[in-house]
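Here is a short report for a first look. Keep the sequence and the model side by side while you read.

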Amino acid sequence: MPELPEVETTRRGLLPHVAGRSVEHVLLRRPDLRWPIPHAVEDLLPGQRIDAIRRRAKYLLLDTDAGSALLHLGMSGSLRVLPSDTPVRAHDHVDIVLDYDRVLRFNDPRRFGCLLWQSPGELHPLLAGLGPEPLSDDFDGDLLFALSRGRSAPVKVFLMDQAVVVGVGNIYAAEALFMAGISPLRAAGKVSRERYAALADAVKAILAHAIARGGTTLRDFISPDGAPGYFEQELSVYGRGGEPCRRCGRPLKQAMIGQRASVWCGHCQR
DNA sequence: AATACAGCCTGGAGGC
DNA sequence: TGCCTCCAGGCTGTAT
């Protein structure tokens with residue numbers, strides 16, 4: 001599932017094939033993903049040159065003079081640059097046909113993703129109110145400490161709040177808390193400044209590592225079956241409930257926290 | 001303001 | 001083998 005590292009990997013993979021190219025036309029096979037695709041995408045994008053591809057949180061923006069296409073991959077979406085005559089497969093919902101023999105194709109079986117439009121000079125409502133990028137200097141332990149005072153929600157829920165910091169999904173929240181030795185159940189407001197410093201460092205280290213791993217498959221991006229490849233990275237806790245902790249050997253605990261499956265070590269994480 | 005949680009959607013896993 | 005239920009996931013909208 002696309003977390004921030006995979007979205008960033010997608011951005012880097014698309015860049016050399018899409019940036020500087022123009023859109024010939026847009027083909028919507030399915031007009032509704034999570035939300036209806038606005039007419040602006042079909043009406044305004046054709047003829048425009050894609051000047052840049054940006055990422056904000058887990059959103060991708062294709063910038064043109066007329067505005068920006070705003071994409072989210074949801075949990076099952078993928079974007080590929082393919083030869084224009086590539087046969088359509090199930091769940092290929094949108095084609096952005098480029099001005100050479102390539103098409104940018106959006107596939108999303110579960111349709112949790114979206115394709116929206118942001119006019120020049122505007123900030124789309126979905127992007128307003130987002131917290132800082134986790135890999136930027138704006139994100140650190142002091143920020144987590146300040147925002148968490150007085151909050152009783154579990155620290156894992158707090159860390160996954162996109163108003164606090166963006167891009168930390170269920171997998172990386174679990175992994176970062178393990179690395180920092182913090183129980184996911186602990187009230188956010190009860191975690192010390194020192195431990196938040198360790199947590200912020202863990203988030204940065206894990207995301208940076210995952211992006212580096214995703215980068216190894218960039219060259220496959222144009223091939224029809226080139227799959228993003230950081231899945232095989234070794235996870236310490238996610239998906240390992242009941243299995244031995246890699247640090248102390250005790251069985252890992254598993255429970256639902258904030259409606260999300262959560263795994264942690266009751267001994268190493270306090 | 002903070003918290004809780006249903007709902008969106010589909011495919012895969014597991015039970016029978 | 002097929003049918004059923006459950007689960008996964010990010011994020012929004014509504015209720016408390």
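Is Arg 105 buried or exposed? Arg 105 is buried, with a relative accessible area of 4%. Buried means under 20% relative accessible area, exposed over 50%, and partly exposed in between, with a 1.4 Å probe and protein chains only.

This is a predicted model, in which local features need pLDDT of at least 70 and side-chain atom pairs count only at pLDDT 80 or more, while totals for chains, interfaces and linings use all residues. Residues are numbered from 1 along each chain as its sequence is written, chains are lettered from A and ligands numbered from 1 in the order in which they are written, and side-chain values use heavy atoms, with hydrogens and water left out.

**Confidence**

pLDDT is the predictor's confidence in each residue, from 0 to 100. Chain A has a mean pLDDT of 88. In chain A, 93% of the residues reach 70 or more. Over residues 216-232, pLDDT stays under 50. Where pLDDT is low, the predicted coordinates should not be read in detail.

Arg 105 is found in strand E7, residues 102-107. Strands (E, at least two residues) and helices (H or I, at least four) are DSSP runs, numbered from the N terminus. A polar atom of the Arg 105 side chain lies 2.9 Å from the backbone oxygen of Thr 86. For the backbone oxygen of Pro 87, the distance to a polar atom of that side chain is 3.4 Å.

Glu 8 belongs to helix H1, residues 4-18. Glu 8 is buried too, at a relative accessible area of 5%. Leaving aside neighbours within four places in sequence, Glu 8 is in contact (heavy atoms within 4.5 Å) with Arg 55 and Ile 211.

**The DNA side**

Residues around DNA strand B include Arg 34, Phe 112 and Gln 259. A residue is near the strand if one of its heavy atoms lies within 4 Å of it. The residues of this surface divide into three nonpolar, three polar and four charged. Of the DNA strand B atoms within 4 Å of the protein, 59% belong to sugar or phosphate and the rest to bases.

| Protein atom | Atom of DNA strand B | Distance |
|---|---|---|
| His 91, side-chain N or O | phosphate oxygen | 2.8 Å |
| Arg 110, polar side-chain atom | base oxygen | 2.8 Å |
| Ser 152, backbone N or O | phosphate oxygen | 2.7 Å |

Definitions and conventions:
A polar contact is a pair of N or O atoms within 3.5 Å; within protein, one must be able to donate a hydrogen and the other to accept it, and residues adjacent in sequence count only if both atoms are side-chain atoms. Ala, Val, Leu, Ile, Met, Phe, Trp, Tyr, Cys and Pro count as nonpolar, Asp, Glu, Lys and Arg as charged, and the others, Gly among them, as polar.
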